[in-house]
Amino acid sequence: MCLHPGHPENNPCPSCAIFDKSLPDGNPRHPDVLFLSPGEETHIAIDETRRFISELANAPLAGIRRVGIIDDAHTLTENAANSLLKTLEDPPEKTVLILVTHLPQSLLPTIRSRALSISFSTRSREEMEKILDESGEGRLSREERDMILLLSRGAPGQLRALLESPQRPNFGRIPRVLTVRQKTAPFDTDLLPFLSEPEGFSCLGDALESLLLDLYRLEACPEARTSMPVPPGLVDSVSHLKREEFHDRVQELRALAIYNINRSMAVEELLWDWNETLASGNDEPSKTA
Ligand SMILES: [Zn+2]
């Protein structure tokens with residue numbers, strides 16, 4: 001966006017000056033940078049996408065090009081994603097379109113094939129622990145800490161957002177719900193309302209997928225480090241077949257969750273399925289037997 005790349009910092013070009021001015025609240029107000037994101041919604045609808053595309057086609061106002069950024073691009077509905085194809089194939093002159101997502105596999109293949117993929121590396125667990133320690137948040141419980149590290153997926157910005165979330169006390173309660181088998185139905189967990197909100201649903205999906213990965217890891221190496229505390233014996237109490245079926249189900253529901261599905265029913269169904277899976281027993285002879 002810079003008009004004179006390499007200019008001294010204390011003498012910004014008019015374009016860079018706009019970015020400098022918008023720093024305090026973190027959101028650049030550059031007239032040539034357009035954002036599209038789900039905001040408070042679970043998905044990005046076709047109407048907003050069409051508006052975004054038509055605005056993107058205008059000539060640059062301050063700089064020499066326009067940049068359109070679609071955050072959480074995996075939340076585009078199928079129709080919204082399809083409405084982008086033409087623009088991706090043949091973008092307006094002087095326009096750069098950037099799709100941001102942590103779930104690239106959830107983008108339509110037709111979108112992926114028209115885009116250049118650039119991966120950003122995530123921070124290691126050690127680096128994230130250091131950032132967490134330096135955040136001055138000393139009052140975290142062990143469970144809260146583990147979950148915040150797990151849910152932040154190696155992204156420092158996400159870590160800070162989770163620390164500031166009013167839902168923070170609920171994060172640390174997720175592992176218990178997932179690793180201890182419930183004896184009675186329906187669930188006597190008061191976490192259900194939280195898990196049924198978009199934020200909580202996404203936490204549940206992340207926690208479940210991470211736990212499934214941990215179970216694979218523990219099977220290969222019982223000493224493996226896990227993202228959340230896994231009680232002894234849990235690995236053997238889950239059948240391999242059930243575990244894979246369940247993993248597919250989690251991914252399927254996550255993909256559906258961008259539409260207006262009944263999330264609280266989905267959460268109850270997922271937790272109940274998982275509860276059953278927890279007692280499915282191993283279908284292969286145990287190595288230690
Ligand atoms: Zn500049």
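This report describes the overall build of a predicted protein model and the nonpolar cores inside it.

## Basis of the model

Residues are counted from 1 along each chain, in the order in which its sequence is written. Because the model is predicted, local features need pLDDT of at least 70 and side-chain atom pairs count only at pLDDT 80 or more, while totals for chains, interfaces and linings use all residues.

## Overall build

The C-alpha atoms of the protein chain fill a box of roughly 70 × 45 × 35 Å along the principal axes. The chain has 14 helices and three strands, where helices (H or I, at least four residues) and strands (E, at least two) are DSSP runs numbered from the N terminus.

An automatic or database domain assignment gives domain 1 (31-112) and domain 2 (121-172), and the centres of these two domains, taken over C-alpha atoms, are 30 Å apart.

## Nonpolar cores

A nonpolar core is a set of buried Ala, Val, Leu, Ile, Met, Phe, Trp, Tyr and Cys residues joined through C-beta atoms within 7 Å; a residue is buried if 20 or more other C-beta atoms, placed from the backbone, lie within 10 Å of its own. Of the 289 residues in the protein chain, 21% are buried.

The largest core has 29 residues, and Ile148, Leu151, Phe171, Leu204 and Ala207 touch the most other members. Several helices each supply at least two residues of this core, among them helix 5 (125-134) and helix 14 (263-278), but the largest share, seven residues, comes from helix 11. A second, separate core of 11 residues includes Phe52, Leu76, Ala80 and Leu84.

How values were computed: A residue is buried if 20 or more other C-beta atoms lie within 10 Å of its own, exposed if 12 or fewer, and partly exposed in between; C-beta atoms are placed from the backbone.
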